[in-house]
Amino acid sequence: MKRTIFGNQLLPWLLLAPQLLITAVFFLWPAGQAIWQSFLREDAFGLKTSFVGLLNYRALFNDGDYVNALGVTLVFSVAVAALSMGLALLFALAVDRMLKTANMYTTLLVWPYAVAPAIAGILWWFIFNPTIGILPYLLDFVGYDWNHSLQSGDAMVLVVIAASWKQVSYNFLFFVAGLQSIPQSLREAAAIDGAGPVKRFFTITFPLLTPTTFFLLVVNVVYTMFDTFGVIDATTQGGPAQSTNILVYKVFKDGFLGLNLGSSAAQSVILMGIVIVLTIIQFRYIERRVQY
Amino acid sequence: MATITLENVGKTYPGGAAAVQGINIAIQDGEFLVLVGPSGCGKSTLLRMVAGLETITEGTVRIGDRVVNQVEPADRDIAMVFQNYALYPHMSVRQNLAYGLKNRGTPAAEITRRVDEAADILEIRPYLDRKPRALSGGQRQRVAMGRAIVREPAAFLFDEPLSNLDAKLRVTMRGEIRLLQRRLGTTSIYVTHDQMEAMTLADRLVVLNGGRIEQIGAPLEVYRRPASAFVAAFIGSPAMNLLNATLDNGRLRIGSASLPADVAGSGAVTLGIRPEDLRRTAGRADALHMSVDYVEELGATRLVHGRLEGQKLVCTLSADSTLGDMLALEADAGALHLFDAGTGARIN
Ligand SMILES: Nc1ncnc2c1ncn2[C@@H]1O[C@H](COP(=O)(O)OP(=O)(O)OP(=O)(O)O)[C@@H](O)[C@H]1O
Ligand SMILES: [Mg+2]
């Protein structure tokens, strides 16, 4: 790494100040607030606040709704990561085989990423709307009665699709870059070594994509935990019967709608913890293990 | 073991001009054939068509008696060594060697036997459990060779396998490849742009230029009787001198200098003389007078660069010769190569 020596002791801090300030105001301060809040309990009228220690946390794990939200988040994360990464890899493999038209496809496939999550959510809400949507209309022909406001399975499918579609673009770009960094001659050598296309993929291409795949897995899980608030809010709002009530949405519901600030804060601290752990794993793992 | 026959083989890339065309080569069983030519002349294209990595747009390729135009690379019974080695980075050396055998359903005991045998031949046994990234360039090169020989294929295809090594290692590996090929007796096609490598390795050379064959022959044959001015300039180091001359009723004129020629006819020609065929002479009336520009000392010999009638000329002289500003030189009539000034084809 290149080191720059500053003559003035103050200058480096001055240069860092805007960044540090933003981090402090928009991250450290609210995070500190949340941690502090998570140890407090307010009475129903917001008149009296008392310190209750870990009570909020203990209450959470005895709360069936919270345990349910954990499960829902797990299913949701895994499904979104699997769907968006699987599709992205398929598209990337297809583009990797093309020569001339590759640029056009890449551009088209990146577009969804530019659409705001809430707009995308509304788009999906329209497409899947049981009364006016095109998809329920089409599904009706094959005898399936789509109704995500009543059926929890349908609701989960809807939010998974809505949350995945823009991640596909993001994952696609990384997979394309990953594939392009694998020398063509490796695949050719494998072809001469008697491996067919499928075997080549599983024994050469996919193992060599491990660093990319792992990186994307963490990024996607973090995304589903935090960034999917807009998608849920625009489509199912956590329903029906809490079946799509993921952790981040529950934080919002309990805090802003239920006004149970202590519990909401405890939930966001747990979420924050999960993300910190994931990020640490990512850095550790990417630096050491996932290379060949 | 197999013969490889190319009949009128050509390749046109989609939307591009012809990369190679009209290639006819019959490679004998056990022969070491070297394809040599400047960058972009189509050597790799030709090799990759034999390997099955490029479609053949014209002509037929036979391995043994079988036409392989439509046969998958895996089913052609060939092994290829790539310029960048193309070792599988996530597999150990042992797994790299075993991969091709495993894919073909070879029994485990047989795989172990063959891998160990190849490891012994190439002296890579100590590295069998390492990943390729933990090997030096030379060791990787050996592993790449090992991956080819464990398969015991009908033919080896090499695409500039030594060009990523330093000069000294290149010479060593060159010798080893030659030795190994002799020992195994496997038909081989070897691509290089290095004429020295081509000369030392080949049973027969194929000189390619612009996608066409300029000459096929044993290295010495090509060296002694280049079929065209292109081959003359390409094969041999230092390169052959090519001078503009006129043929005039049995004499060759280079400006005011002239030499006897054993060819009838008259008109513009290209005269080729190898630097090592020029000798100093004393008192010969029709000596070539060369003005000396500078001298490169090579130890045993020295290369003298200068001009003859305004045209560049190089000659190799022994290191103990004393030099003036002018040198009087001569060459045997048999050492003169005459080429058509237009087409470059050999005349004498
Ligand atoms: N995939 C391709 N599409 C279009 N043209 C190609 C392709 N591959 C090679 N060519 C062209 O075909 C010609 C021959 O290429 P080739 O790679 O066979 O050359 P080469 O003799 O191996 O050169 P080098 O010594 O640089 O490797 C070149 O003019 C090259 O530009
Ligand atoms: Mg090449």
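Author: Gladly. Let me begin with one criterion: two strands pair if DSSP finds at least two bridges between them. The model is a predicted one, and in it β1(B) and strand β2 (residues 18-27) of chain B have 6 bridges and run antiparallel, so by the criterion of at least two bridges they count as a pair. The hairpin of β1(B) and β2(B) has 5 residues between the strands, and B:G15 takes a positive phi near 70° there.

Reader: What makes β1 and β4 of chain B a pair?

Author: Strand β1 (residues 4-12) and strand β4 (residues 58-63) of chain B are joined by 5 bridges. The criterion asks for at least two, so β1 and β4 are paired. They run antiparallel, and B:E7 has B:T60 in β4(B) as its bridge partner.

Reader: How do you know that β16 and β17 of chain B pair, and in which sense?

Author: Between strand β16 (residues 288-297) and strand β17 (residues 301-308) of chain B there are 7 bridges, in the antiparallel sense. At least two are needed, so the pair qualifies. One of the bridges sets B:V292 against B:G306 in β17(B). β16(B) and β17(B) also form a hairpin with 3 residues between them, and in its turn B:G299 has a positive phi of about 100°.

Reader: Which residue of β19(B) is the bridge partner of B:H289?

Author: That is B:A328. β16(B) and strand β19 (residues 326-330) of chain B pair over 4 bridges, again in the antiparallel sense.

Reader: What makes β15 and β18 of chain B edge strands?

Author: β15 (279-280) and β18 (311-318) of chain B each pair on one side only. They belong to an open sheet of 5 strands with antiparallel pairing, in the order β15-β19-β16-β17-β18 (chain B).

Reader: What is the strand order in the open sheet of chain B that includes β12?

Author: The order there is β13-β12-β11-β14-β20 (chain B), also 5 strands with antiparallel pairing. Its edge strands are β13 (257-260) and β20 (337-340) of chain B, as each pairs on one side only. On average, neighbouring strands of this sheet are turned by 40° against each other, direction ignored. Strand β12 (residues 251-254) of chain B pairs with β13(B) over 4 bridges, and B:R251 stands opposite B:P260 in β13(B).

Reader: Why is the contact between A:E188 and B:R48 called a salt bridge?

Author: The side chains of A:E188 and B:R48 meet at 2.7 Å, N to O. The cut-off for a salt bridge is 4 Å, so this contact falls within it. The count between chain B and chain A is 2 salt bridges, and there are 13 residue pairs in polar contact, with both residues at pLDDT 80 or more. On the side of chain B that touches chain A, the elements giving two or more residues are α1 (43-51), β6 (78-81) and α2 (93-103). By class, that side has 14 nonpolar, 4 polar and 5 charged residues.

Reader: How many residues does each chain give, and what area is buried?

Author: Chain B gives 23 residues and chain A gives 18 residues. The two chains bury about 1,700 Å² between them, 60% of it on carbon and sulfur atoms.

Reader: Is the peptide bond from B:S237 to B:P238 cis or trans?

Author: The bond is cis, with omega near 0°. B:P238 lies in the loop between α8 (229-234) and β11 (241-248) of chain B.

Methods:
Residues are numbered from 1 along each chain as its sequence is written. Chains are lettered from A and ligands numbered from 1 in the order in which they are written. Side-chain values use heavy atoms; hydrogens and water are left out. Contact means heavy atoms within 4.5 Å. Buried area is the accessible area (1.4 Å probe) that two parts lose on being put together, summed over both. A polar contact is a pair of N or O atoms within 3.5 Å; within protein, one must be able to donate a hydrogen and the other to accept it, and residues adjacent in sequence count only if both atoms are side-chain atoms. Ala, Val, Leu, Ile, Met, Phe, Trp, Tyr, Cys and Pro count as nonpolar, Asp, Glu, Lys and Arg as charged, and the others, Gly among them, as polar. Axes are lines fitted to C-alpha atoms, for helices over the stretch in contact, and angles run from 0 to 180 degrees between N-to-C directions.
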